[in-house]
Amino acid sequence: MIDVERYPTQATLGYHRSPPSFSYKSREFLQKMELNPDSDYYRVSTKLGAYVFLDRIGVSHAKVYGVLNGIDKLVPQHLKKPVVVKPLDGCSAVGVMVLKPVKKGWYDSIAKRTWTFDEILARGRDALDKRGFPDVWLLEEPLIADGKVPDDLKFYAFQGDIALVLQRQGRPGRSGTLASYRWYDADWNPVETGKHVKKTNTDLVLPEKKEELADVARRVSSASPYAFTRVDTFYTDDGPKVGEVNAWVGAYDHFTDEWDQRLGAVWEAAELRVPSHVKPIPKGVPEGAYPLPWWRS
């Protein structure tokens, strides 16, 4: 685990400035991405681009069943076996349904209730209206442990070093899925970071296999083309799986000053260890051209 105290501070750098903060480095990354939106450099952080990257380094993830050009292209035949339906370009679990066929419809492991087929379509349309996602949907293998959706451990990793971990647990609510969170430092000590303060749940218990998930996160981070990589992991019935690989996070400026500076310093140090070359993701992959047996309709 990383010791953030050993990273540069103003006194040891010998410069007339403090190290860049996490918020500064995040804005810098997003500005560069906005200036070069078609660059293959950024495709690893797309959903399907990340899956191609993970395949190349031998890290397990959900199997891809297909991509739909529109929620109205979904038909009951697509739901004959357990499946995750989610927006290809979505975020924060909005519009995500983990479905299993039952007698009266499809049980959603996230919402903890059964939907009819018309309700599934309505939930998809509602997600599009609320967030303005492109109407493209990914169908993939559910990540399940003991019949439930396991907690998500999100590792803030910097070229093989883990500085921070966010545990996320979903639960049903009146208007959709609610989430509770708990933060941990590199040694699994609970910490407050300034993010998700009102949604923190100190009763959350870490998965027994947390170290296996951490090892996977380190492996992904070390191979990543980015200095900072958030690696989202789950421990499933089939072992550790990676859900997403992200080069930036939302609400990146919500951290306390302490954590903002700590994460920024680790980011800057990790820039010296970024691999000189990572094989680019083909241009069509992020839009749905996942290079395994797949179909699109």
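Buried means under 20% relative accessible area, exposed over 50%, and partly exposed in between, with a 1.4 Å probe and protein chains only. This is a predicted model, where local features need pLDDT of at least 70, side-chain atom pairs count only at pLDDT 80 or more, and totals for chains, interfaces and linings use all residues. Residues are numbered from 1 along each chain as its sequence is written, and side-chain values use heavy atoms, without hydrogens and water.

**Exercise 1.** Classify tyrosine 41 and tyrosine 42 by accessibility, then describe their ring pair.

*Solution.* 
- Step 1. Tyrosine 41 has 34% relative accessibility, so it counts as partly exposed.
- Step 2. Tyrosine 42 has a relative accessible area of 10%, so it is buried.
- Step 3. Rings of Phe, Tyr and Trp (its six-membered ring) pair if their centres lie within 6.5 Å; planes under 30 degrees apart are stacked, over 60 edge-to-face, the rest tilted.
- Step 4. The centres of tyrosine 41 and tyrosine 42 are 4.9 Å apart, with 85 degrees between the planes. The pair is edge-to-face.
- Step 5. The count by this rule is 19 aromatic pairs. One aromatic cluster is made up of Phe22, Tyr156, Phe158, Trp183, Phe228, Phe255 and Trp267.

**Exercise 2.** Locate histidine 254 and find its contacts.

*Solution.* 
- Step 1. Histidine 254 lies in the loop between β12 (239-246) and α6 (257-270).
- Step 2. At 47% relative accessibility, histidine 254 counts as partly exposed.
- Step 3. Residues up to four places away in sequence aside, histidine 254 touches Thr193, Gly194 and Lys195.
- Step 4. Take glycine 194: 60 residues from histidine 254 in sequence, but 6.0 Å away in space, C-alpha to C-alpha.

Note on methods
Helix = DSSP H or I, 4+ residues; strand = E, 2+ residues; numbered from the N terminus. Contact = heavy atoms within 4.5 Å.
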